[in-house]
Amino acid sequence: MNVKTLSIGGVDDKLQTWRCFHKNKLGLIGLGVIFMFIFAAIFAPLITPAGYAEQKYLHEINNFPSRSHWFGVDAVGRDYFSRVIYGIRVSLFVGFTTAFIALFIGVPLGALAGYFKGAVDWGVMRLVEIFSVIPPLLVAILFVTLFGSGLQNIIFILALVSWMDICRLIRGEILTLKEREYSIAAKAIGAKPYRILFRHLLPNAVAPIIVGLVLCVPNAIMLEAMLSFLGIGVNPPTPSWGQMISNGLYYIQFYWHLTLFPAIFLALTVLSLSFIGDGLRDAMDPKLRERR
Amino acid sequence: MATYIIKRIFSFLVSLIMVTIIIFSMMHSIPGGPFDEEKMPLSPAAKEKILKMYGLDKPFYVQYLKYMWNVLHLNFGKSYQSPGEEMVDLIKRTLRVSAFLGGLGLAWAIPIGLLLGIISAIKPNSFVDYLCTALASYTISVPVYVSSIFMVFIFSLGLHWFPTGGFGGPKTWVMPIIAYGLFPSGILARYTRSSMLEILNEPYILTAKSKGLPMWRVITHHAFRNALIPILTIMLPMFTGIMTGSIFVEKIFRIPGLGGYFVTSIYKRDYPLEMTLMLFIIVSLALTYLAIDIFYTIIDPRVRLWGKGR
C-alpha cells in the first residue's frame with residue numbers, strides 16, 4: 001500500500017472532519033474569534049492610532065476609554081488599544097512558534113519510542129515522566145533564571161516544557177499503527193525501520209499530530225502570559241498581555257481599564273483556541289465520532 | 001505483582017535522582033550568587049572564608065552528595081532570606097496558609113466538578129452539557145490570575161462585597177478559595193464527563209438498565225464507581241497542584257503563603273529555599289503517581305499485571 005491510495009481516503013476524511021467540526025458551535029465561535037484576531041493583528045498599523053511603544057499622549061496619562069482612545073491611555077502615555085492589539089501579534093506568535101518547535105521535539109521522540117519500544121521507549125518515557133512530574137511553569141521559571149528572559153528565549157523554553165503531550169499522543173498512535181497489516185507487510189518486504197516509520201506510519205498519524213499542535217498553542221500562550229505576569233517573560237516595551245495585567249494590578253482600584261482589556265483579550269484568545277482544539281479532537285477521533 | 005511494584009519503585013527512584021541532579025546543576029549554573037556584590041565588593045579573603053563556611057568552594061559532585069545526604073536527614077539548611085529559622089519551620093509556617101485556603105478550595109471543587117461531569121455525561125449535547133464544557137474549558141484554559149482579576153472587578157470593585165486582598169478574617173478568604181478551586185473543578189468536570197461517557201457505553205450498563213434498576217442506582221453503583229478509577233489519577237495530584245497554583249492566587253490577593261516565597265526565592269537566588277521547594281513539590285508529586293500506579297493494580301482487576309506472564 002502506498003501513500004497515494006491512503007490520501008484518497010484522506011480527502012473523504014477531511015470532509016467528514018469538517019462536517020463533524022461544523023456541528024461544534026463553540027469550536028466555530030472560537031474559529032471566528034481567532035480569525036478576527038489574526039485579521040486585527042495583520043492590519044494592526046491601520047486600525048490603531050499609534051505604535052505600541054509610542055508615548056504620544058503624555059498629557060492624557062491614565063485616561064479612561066473614550067472615543068479617541070477606545071481602551072484608554074496607560075501610565076506612560078501610550079494608547080492602550082494599540083498595545084492590546086499589538087499584543088495579539090506577540091501572543092499568537094509565541095503560541096504558534098512554540099507549538100511548532102514542540103512538534104519537532106515531540107513527534108520524533110514519540111515516534112521512536114512507539115516504534116522501537118524497549119530501551120528507547122523506556123528512556124523517552126522517563127524523560128516525559130520527569131518533565132510531566134514537575135509543573136511546566138516551575139521548569140519554565142528555572143530555565144528563565146538560567147537563560148534569561150526575552151521573546152526568543154521564552155519561545156524555546158516554552159517549547160521545552162510543552163512537547164510531552166504531543167510525544168505521548170504520537171507514541172500511542174504509532175504503537176497501534178505498528179500492528180496494522182500494511183506496516184507488517186512493509187516490514188516483510190524488507191523496508192528499513194526508518195522508512196516504515198516516516199513513510200508509512202507518521203503520515204497516518206496526522207490526526208493526533210494536528211490535535212496535539214492545536215492543543216499546544218493555547219497552553220503556550222497561557223504560560224507566556226503567566227511568565228510575563230511574574231515579570232520574567234517578554235521584555236518591555238514589547239506588549240504582552242500578562243505583563244500589562246501585572247502592571248495594571250497596582251492601579252486596579254482606580255484605573256480599571258489597564259487590567260480589564262488585556263485580561264479579556266487573553267481569556268478570549270486562550271478560550272477560542274482550546275475550543276478549536278477540542279472541536280478538532282472530537283472531529284478527528286473516530287472512536288468518539290462513532291459514539292456521538 | 002511484587003516485581004511490578006519493585007520495577008515501578010526503581011524507576012521512581014531513577015527519575016527522582018535524575019531530577020535532583022538536573023535541578024541542582026541548574027541552580028548551580030545560574031549566573032550570580034548570593035555573595036556576588038557589585039557595589040562594595042568583599043575582599044577576596046573574606047569571600048573565600050564565607051564560601052568555605054557554606055561549603056561552596058568544594059567541587060560540584062561533593063556539594064551535591066553532601067546536599068542529598070542532608071536532605072535524607074531532613075536537614076534542608078537555612079534560607080538565605082530568613083536565616084533566623086530552620087527551613088522546615090519556614091515551610092511549615094507558609095504551607096499552613098496555602099494548605100488552608102487550597103484545601104477549602106478543593107473542598108468545593110471536587111464535589112462540584114464530579115457533579116457537573118456526571119450530569120453532562122448523562123445528558124450529552126444538552127444545554128447542561130454545553131454549559132459544563134464551556135465552564136470546564138474556561139477554567140482549564142484561562143489562567144487563574146485572569147479569573148481572579150475578573151472576580152476582583154465584580155465582587156470588590158463592583159459589588160463591594162469583599163476586600164481586594166489581604167489575609168485576615170473570613171471575608172478575605174472567600175475569593176482566594178474560589179480561585180484555588182477553579183482549575184481543579186474544571187479539569188475534574190472534564191475528566192469525569194469523558195470517563196463516564198466511556199463507561200455508560202459498556203454492555204454491563206445496558207445489562208443493569210435492562211434489569212430494571214433505577215437510573216440513579218445504575219449511575220452511582222455501576223457507572224460512577226468504575227469511572228472513578230481514571231478520575232483518581234488526576235484527583236490526587238491536585239493536592240500538590242495547590243502549591244503551584246498558590247504562586248498566582250497569593251500574588252493577586254496578597255496572601256503570605258508558600259507561593260510568594262517561591263517567587264522571591266527565584267529572584268533572590270535563594271538556592272536552599274528554591275531547591276527545597278522544588279524537591280518538596282517533585283517528591284510529593286512523584287509519590288502520588290507511584291501510589292496511583294500501585295493502587296490501580298490493586299483495585300482494578302483489568303489492569304492487574306500479574307498472572308498474565310508480564
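Helices in this account are DSSP runs of H or I with at least four residues, strands are runs of E with at least two, and both are numbered from the N terminus. The model is a predicted one, and every value below should be read with that in mind.

Read along its sequence, chain A follows the pattern α-α-α-α-α-α-α-α-α-α-α-α-α-α, that is, 14 helices and zero strands. Taken along the principal axes, the C-alpha atoms of chain A fill a box of roughly 75 × 45 × 30 Å. Of the 292 residues in chain A, 48% are buried, and among the contacts in chain A with a separation of 6 or more, 70% are accounted for by residues 24 or more positions apart.

Chain B is likewise described by helices, with 11 of them and zero strands, and from the N terminus its elements run α-α-α-α-α-α-α-α-α-α-α. Buried residues account for 34% of the 310 residues of chain B, while 75% of the contacts in chain B with a separation of 6 or more come from residues 24 or more positions apart.

Is A:W70 buried, exposed or partly exposed? Because a residue is buried only with 20 or more other C-beta atoms within 10 Å, and exposed with 12 or fewer, the 18 C-beta neighbours of A:W70 inside 10 Å make A:W70 partly exposed. Leaving aside residues up to four places away in sequence, A:W70 touches A:P65 and A:F81. A:W70 and A:Y80 are 10 residues apart in sequence, and their C-alpha atoms are 7.8 Å apart in space.

Two helix pairs in chain A show how its elements pack. Helix 2 (residues 25-42) and helix 13 of chain A pack at an angle of about 130 degrees, with their axes 8 Å apart, and these two helices of chain A are therefore oblique to each other. The crossing of helix 2 and helix 13 of chain A is left-handed. Helix 2 of chain A contributes residues to this contact that include A:L26, A:I29, A:V33 and A:F37, and helix 13 of chain A contributes others, including A:L268, A:L271, A:F275 and A:D278. The residues of this contact between helix 2 and helix 13 of chain A divide into 11 nonpolar, five polar and one charged.

In the second pair, helix 6 of chain A and helix 7 (residues 151-161) of chain A pack at an angle of about 145 degrees, and their axes are 9 Å apart. Here the crossing of helix 6 and helix 7 of chain A is right-handed. From helix 6 of chain A, A:P136, A:V139, A:A140, A:F143, A:V144 and A:F147 meet A:N153, A:I157, A:L158, A:L160 and A:V161 of helix 7. By class, this contact of helix 6 with helix 7 of chain A has 10 nonpolar residues, one polar residue and no charged residues.

Where the chains meet, 34 residues of chain A are in contact with 33 residues of chain B. The elements giving two or more residues to the side of chain A that touches chain B are helix 5 (118-133), helix 6 (136-147), helix 11 (206-229) and helix 13 (257-284) of chain A. Helix 13 of chain A gives the most to this side, with 10 residues. The residues of this side of chain A divide into 26 nonpolar, four polar and four charged.

In chain B, helix 2 (residues 44-53) is hardly covered, the count of buried residues among its 10 residues being zero, and helix 2 of chain B is followed by B:G55, whose phi is positive, near 70 degrees. Further along, B:N125 lies in the loop between helix 4 (87-122) and helix 5 (127-141) of chain B. With 11 other C-beta atoms within 10 Å, B:N125 is exposed. B:N125 and B:Y204 are 79 residues apart in sequence, and from C-alpha to C-alpha they are 23 Å apart in space.

Notes. Residues numbered from 1 in each chain as written. Chains lettered and ligands numbered in written order. Predicted model: local features only at pLDDT ≥ 70, side-chain atom pairs only at ≥ 80, totals over all residues. Contact = placed C-beta atoms within 7 Å. Nonpolar A, V, L, I, M, F, W, Y, C, P; charged D, E, K, R; others polar. Axes fitted to C-alpha atoms, helices over the stretch in contact; angles between N-to-C directions. Parallel < 35°, antiparallel > 145°, perpendicular 65-115°, else oblique. Left-handed = near helix turned anticlockwise from the far one by under 90°.
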